[in-house]
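Here is a short briefing on a predicted model.

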Amino acid sequence: MGFRSWICRGGRNYTVSLKELRLDFEATLAEAIDGSGYAHYGYWTEGAPSVPTMKALGAAQQAYFDLMASRIPEGTKSILDVGSGTGANAAGFVKLGYDLECLCPSEHLNALARRKLPDSVSVHDTLFEAYETEKVFDLCLFAESFHYIELDTALAQLARYARNHVLIFDYFRKASNAEEDGTRGTHSEFLNAVEAQGLFEVVSDDDLTEAIIPTFAVLEHIRTKQIAPFVERARETFSKDYPMRTRVVEWLFGKTLRKIGRPRGRAEKFLATREYRLILMTRRQTSA
C-alpha cells in the first residue's frame with residue numbers, strides 16, 4: 001500500500017495516473033465502508049484480524065489516525081499537513097478543532113481533498129520543497145510523506161514553518177537495504193541530521209513496525225481470495241461474450257490481471273527493508 005505517499009511526490013505521468021486511479025478507488029471504497037476515506041496503512045493494536053476484511057482495515061486506519069492525533073501536543077492550534085493526499089486526515093483534524101493547511105502536488109488528489117474539506121482549509125498544489133508562505137504553524141505533520149523528501153531540504157523548510165512541533169508517522173529505510181526505491185533515508189540518518197541542525201529535539205520516537213505489518217496480510221487476502229476470483233470470473237464471461245475484444249484487453253492488461261491472484265510477500269519484504277516509526281519533535285528553546 002503506502003497509498004498516498006508515492007503519488008504525492010510525483011513521478012512519470014503514466015505511473016501517477018495508474019496509482020491515482022487505484023487510490024481514488026480505494027478512498028471511495030473506504031468512504032463507502034466506514035465513511036473515512038483514509039489512504040494510509042492501518043494500525044493493528046492486537047495483530048492481524050481473524051477475519052481480514054475491508055471493514056477491519058477501515059477500523060485499523062481509524063486507529064492509525066487516533067494514535068497520530070493523540071500525539072499532538074497540548075496548545076497546538078494550527079497544522080500544516082504535508083502530503084495531505086485525499087484529505088481524510090485533514091478532515092479528521094478539522095473535526096477535532098484544528099486549523100489546517102494542506103500541501104500535495106497531485107491536482108487529482110487535491111480535488112478529492114477539497115470536496116471533503118471546508119473552504120477554510122487551503123489546499124496547495126505543491127511540493128513541500130517548493131512551498132512558500134509568510135505563515136508559520138504550530139505543528140507540521142507528515143503521515144507517510146516524509147520519506148520522499150531530501151532530509152536537508154525537509155529540515156530547512158521545517159525551520160521556516162514549524163513554530164513548535166513536527167509529527168512524523170512514516171517509514172524509514174533500514175541501513176541494510178540499499179535499494180533505490182524512493183525512500184530517502186534511514187532512521188539513523190534522520191536522527192543525525194536533526195542533531196546536526198540543532199533546532200529540534202526528538203521527544204518521542206516509537207517503532208511501530210509490528211503494529212503496521214498486518215495491513216499487508218489483510219490486503220493480500222482481500223486481493224487474492226476475493227478480488228482475484230471475481231476478476232477471473234469476469235474475464236471468462238467477457239471472453240465468451242466478446243472474444244475479439246477479449247484479445248485486445250488481454251494484450252493490454254492480461255499480464256497485470258494475472259498478477260492479482262499471486263502472493264507478493266510484501267509483509268516479509270517490508271520487515272526486511274523498512275521500519276515504521278511515530279516521531280514527535282519539539283523546537284528547542286533559544287536563550288534570550
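A residue counts as buried when its relative accessible area is under 20%. R277 has a relative accessible area of 10%, so R277 is buried. The model is predicted, and it holds 10 salt bridges.

**Helix α3**

- The buried residues are A88, N89, A90, A91, G92 and F93.
- Their cover includes two helices, α2 (54–70) and α4 (107–116).
- Strands β1 (78–82), β2 (99–103) and β4 (137–143) are also among the elements that cover them.
- G97 follows α3. The phi of G97 is positive, near 100°.

**The R277 network**

- Salt bridges link D205, D207, E275 and R277 in a network.
- R277 pairs with E275, with 2.6 Å between the closest N and O atoms.
- Both partners of that pair, R277 and E275, are buried.
- R277 also meets D207 in a salt bridge, at 3.7 Å from N to O.
- R277 sits in strand β7 (residues 274–283) and D207 in strand β6 (residues 200–207), so this pair ties together parts that lie 70 residues apart in sequence.
- Buried or exposed: which describes R277? R277 is buried, at 10% relative accessible area.
- D207 is partly exposed, with 45% relative accessibility.

**The R160–E132 pair**

- R160 and E132 form a salt bridge, and their closest N and O atoms are 2.7 Å apart.
- R160 belongs to helix α5 (residues 151–161), while E132 is in the loop between β3 (122–124) and β4, so the pair ties together parts 28 residues apart in sequence.
- R160 is partly exposed, at 38% relative accessible area.
- E132 is exposed, at 57% relative accessible area.
- The cut-off for exposed is over 50%, so E132 at 57% falls in that class.

**Points to keep in view**

- For α3, the buried residues include N89 and F93, and the cover includes β4.
- For the remaining pair described here, R160 is in α5 and E132 is in a loop.

Note on methods. Residues are numbered from 1 along each chain as its sequence is written. This is a predicted model: local features need pLDDT of at least 70, side-chain atom pairs count only at pLDDT 80 or more; totals for chains, interfaces and linings use all residues. Side-chain values use heavy atoms; hydrogens and water are left out. Buried means under 20% relative accessible area, exposed over 50%, partly exposed in between (1.4 Å probe, protein chains only). Helices (H or I, at least four residues) and strands (E, at least two) are DSSP runs, numbered from the N terminus. Contact means heavy atoms within 4.5 Å. A salt bridge is a side-chain nitrogen of Lys or Arg within 4 Å of a carboxyl oxygen of Asp or Glu.
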